[in-house]
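The following report is written for a reader who is meeting a protein structure for the first time. Please examine the sequence and the model before reading on.

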Amino acid sequence: MKMRPQSRTLTRSWSLRLRILVYLGCLLAGVGLVGYTITNYLVDRNVAAFEEREAQTRMDRAVLGVTQSISGMDVVVYDNATWNDTFAHLQDFNAEYLSTNYTAAALRNLKVEQVIFLTPQAQLHSGVELVGDAVQVLHANAVLVQAVQRAVMDVPLPAPMRGQHLLRWVNGRAVAMAFAAVRRSDAGPQTAGWMVLVRDLDRSAQELEQVIGNELVFAPDRHTQANQRVQPLPDSLGESGISLKITVEPALKDQSTRVGYLLLLNSTAMSLIAILLVGLLLDGLVLRRLSLFAALARTDKSNPVGDENVPLTRWPVLGTDELDVLAVSLNAMVMERSLTENQLKSEARTDVLTGLGNRRHLLESMERIFAQARRGQAMDLTVFLLDLDGFKHINDSLGHEAGDAMLVWIGHQIAHAIRDSDLAVRLGGDEFAVFSFMPQGRQDVEVFAERILRVVSRPHTYHGQILVSSASLGVVVADPSQPAEVALRNADIAMYAAKNLGKNRYTVFTDAMHSDVQERMQLEQHLRQAIKERAFDVWFQPIVDIRSGKTAMVEALARLKIHGKYCPPNRFIPLAEDAGLIAAIGQELAEKAVEALSRLHKVQPGLIVNINLSAHQLMDPALPDFLHATLQKNAVSVEHVHLELTETAVARDGERLFAMLVQLKDAGYHLHLDDFGTGQSSLNRVQELPFGSLKLDKSFVDLLLKDVDTIPRLMISLAQELDMQVIAEGVESLEQVGMLKEMGYFLIQGYVFAKPMPEDVLLQWLQEQKNRG
Ligand code: C2E
Ligand code: CA
Ligand code: CA
């Protein structure tokens, strides 16, 4: 199973706190254990050394007691052996000597069991033995006697002048035999034999045990048990084969275990107390706060950036210690970060020039409100997209600073005209948008759109100059189930529709517009294809001089067949202009028209062809060279080619356009001002430009039938004053012809005489005209 990342970091940070506490606990417990072990070891060693010393002392005492007691026998036996009575007894057996000197009481007093006399050859001479309270005579065949004989025979001669002793095992009992050579008291060298005192050591030990305070055991071996000590007992001949064993119970055994337990208890308790205290202290002062810091850092990190609904994380500051310093700087950092984030966020959503929101701000807000609408709030969501009319003109003529000032001013106007809940943004360039969301049925789109158009067309001054602008407004009632981008695109389409309808107006988006846009896109495709294939046809419409009845000129008009049907130039020419394709089309048309003219001249020499030029073509510096080359190629003279420029094409001023017109005029071309009266060019301007003819637009010709003739009359007087030709176009009836003729119009173009026609039809038409005479 996958762990949630948050709980994982939680465990991790907890484990640091826990880890430190556990490590600390282990460390302190370890220190306690080591301390305990060392102390215990030292105590044990001292106790052991003490016990060892104690045991050795006891052993020494026991050995000393035993050897002293036996040494006493040596003195006694020597005393008795150098007694004259004893010497005499050995010389001559004396029963009375034995019975008076070695009574039971005497033997008991001497702590011996037997007194034995041997001849110099170690044969039994005589002996007595204490059996219970009686003294009995010893027999030669007694085991003990034989043992004594063997022992005495081991003794090197001559015997020393003192008593000696041997320790022997007899019948499994440890026996001490003290002996001395029997001599006269004057200590002459002659010996009469040996006197031996025999003591059963085991029996005599009981008395010693009470003095020494230890049980004494005589043993042939030197094996010991845990609490036993052993020491070999020497006799006068050296090693005796008898060892003394004592059992020593350790004096401090109980105390030592108790001390051990106490030590353990003490160490454990101290360690636990240390762990508890240090742990509590460290945890309270540092670790718990660190954990809290980490937890806060985590919440801060998981908080969505710049979310106004989530309060800023704050680390608690308790005092002035290091953690507090850390907390203070963390708080400062979070505050600073949130400030920069908010700043960045608002900068990224603000239009620097106007201070309004930008496209991003608009899209974000729209998406947010759309989401609310999708959740069921019934709302009218309206987007107003506004594009200034002729802003480029202001930029070009007054400079970018003026343009910027204009945008700022428009921004202000819009911002003041909208409701608080509405959002106004600048999308870029001279495009603004207002997003309005209102409870359903409360939005009056028309009123609002008109208000916006009104405020942006208020005149304002810039450096003493009065500027007036207008805008085209596209309105869309947005569908919240679609992305905000779609609503914006539709508003854009509606705005273009408003522009096409003549600007300074608003259009509400309809689905039909969308298909218009698609149609336009398809048409553009066709145009590009047609340019590649040079598929444009040139048709001609005659312009008749009514004074002679002859065709004075023909106007070359573009035709394009799409899917077998001719598409009207009013549809594809504006599109070609928008898409930047008009220059290519114009070139093709000019080439084809001039080419045709060389053929037309065969029927009617001197015929003039009028070629339409768009504004784009006038901006191309290569235009004069191109025209010149085309004329030369077809051997057509320049006076037979006139150029028609629409009033809107020359409405835009500028040095370049003026220079181009002059250049064309100087090259010999006759220039017609087409659609006269429909544009905004002032009469002053018309006077400045080098036109040779003015073409009265069809709309004024139409008005003649309603008795409106101001413009046609104005135009005539202007032309006479400036010495220009006049042409009336779109003339459909003889009635109009009559009225025009009366005013002074003699060059007439219109269905009344002929519609535009292809070259072959025109050739025929000219031929027929000629034939009629
Ligand atoms: P325009 O230059 O004003 O051309 C005259 C238009 O008026 C032609 O429409 C012509 O057929 C039409 N017309 C002439 N007499 C009458 C009449 O008695 N009644 C009516 N109802 N219409 C009449 P067309 O050929 O459809 O051309 C429309 C426009 O397309 C032209 O207006 C011109 O602005 C543009 N255009 C056509 N060919 C070219 C071209 O080769 N280059 C450029 N730049 N524009 C062209
Ligand atoms: Ca024309
Ligand atoms: Ca025209």
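## Helix H23 and its surroundings

Helix H23 is followed by Asp-723, whose phi is positive, near 60°. The model is a predicted one, in which local features need pLDDT of at least 70 and side-chain atom pairs count only at pLDDT 80 or more, while totals for chains, interfaces and linings use all residues. Residues are numbered from 1 along each chain as its sequence is written, chains are lettered from A and ligands numbered from 1 in the order in which they are written, and side-chain values use heavy atoms, with hydrogens and water left out. Helices (H or I, at least four residues) and strands (E, at least two) are DSSP runs, numbered from the N terminus.

H23 comprises the 13 residues 710-722, and at 1.5 Å a residue it should span 18 Å; the expected span is 1.5 Å times one less than the number of residues. The end C-alpha atoms of H23 are 18 Å apart, which agrees. Its buried residues are Pro-712, Met-715, Ile-716, Leu-718 and Ala-719, where buried means under 20% relative accessible area, exposed over 50% and partly exposed in between (1.4 Å probe, protein chains only). Seen down the axis of H23, these buried residues fall within an arc of 165°, so they line one face of the helix; the arc is that of the directions from the helix axis to the C-beta atoms. An α-helix has 3.6 residues a turn, so residues three or four places apart point the same way. The face of H23 turned away from the buried side carries the exposed residues Thr-710, Gln-720 and Glu-721. Among the elements that cover the buried residues of H23 are strand E22 (670-676), helix H21 (683-688) and helix H24 (734-743), contact here meaning heavy atoms within 4.5 Å.

## Two residues with positive phi

Asp-723 lies in the loop between H23 and E24. At 71% relative accessibility, Asp-723 counts as exposed. In His-463, phi is near 45°, a positive value in a residue other than glycine. His-463 is found in the loop between strand E13 (460-462) and strand E14 (465-467), and it counts as exposed, with 71% relative accessibility.

## A calcium site

Which residues coordinate the calcium ion (ligand 2)? The ion is held by Glu-555 (OE), Asn-612 (OD1), Glu-644 (OE) and Asp-674 (OD), at 2.1 to 2.4 Å. Donors are N, O and S atoms within 2.8 Å of the metal (3.2 Å for Na, K and Ca); water is not among the atoms, so sites may look incomplete. Glu-555 lies in strand E18 (residues 550-562) and Asn-612 in strand E20 (residues 608-613), so the pair ties together parts that are 57 residues apart in sequence. Glu-555 is buried, with a relative accessible area of 4%, whereas Asn-612 is partly exposed, at 29%. Asp-674 bridges the calcium ion (ligand 2) and the calcium ion (ligand 3), which lie 4.0 Å apart.

## The surroundings of ligand 1

Of the 21 residues around ligand 1, Gln-541, Ala-558, Arg-559, Glu-732 and Tyr-751 come nearest; a residue is near a molecule if one of its heavy atoms lies within 4 Å of it. Glu-555 has a polar side-chain atom 3.1 Å from an oxygen atom of ligand 1. A polar backbone atom of Ala-558 is 2.9 Å from a nitrogen atom of ligand 1. A polar contact is a pair of N or O atoms within 3.5 Å.

Conventions. A polar contact is a pair of N or O atoms within 3.5 Å; within protein, one must be able to donate a hydrogen and the other to accept it, and residues adjacent in sequence count only if both atoms are side-chain atoms.
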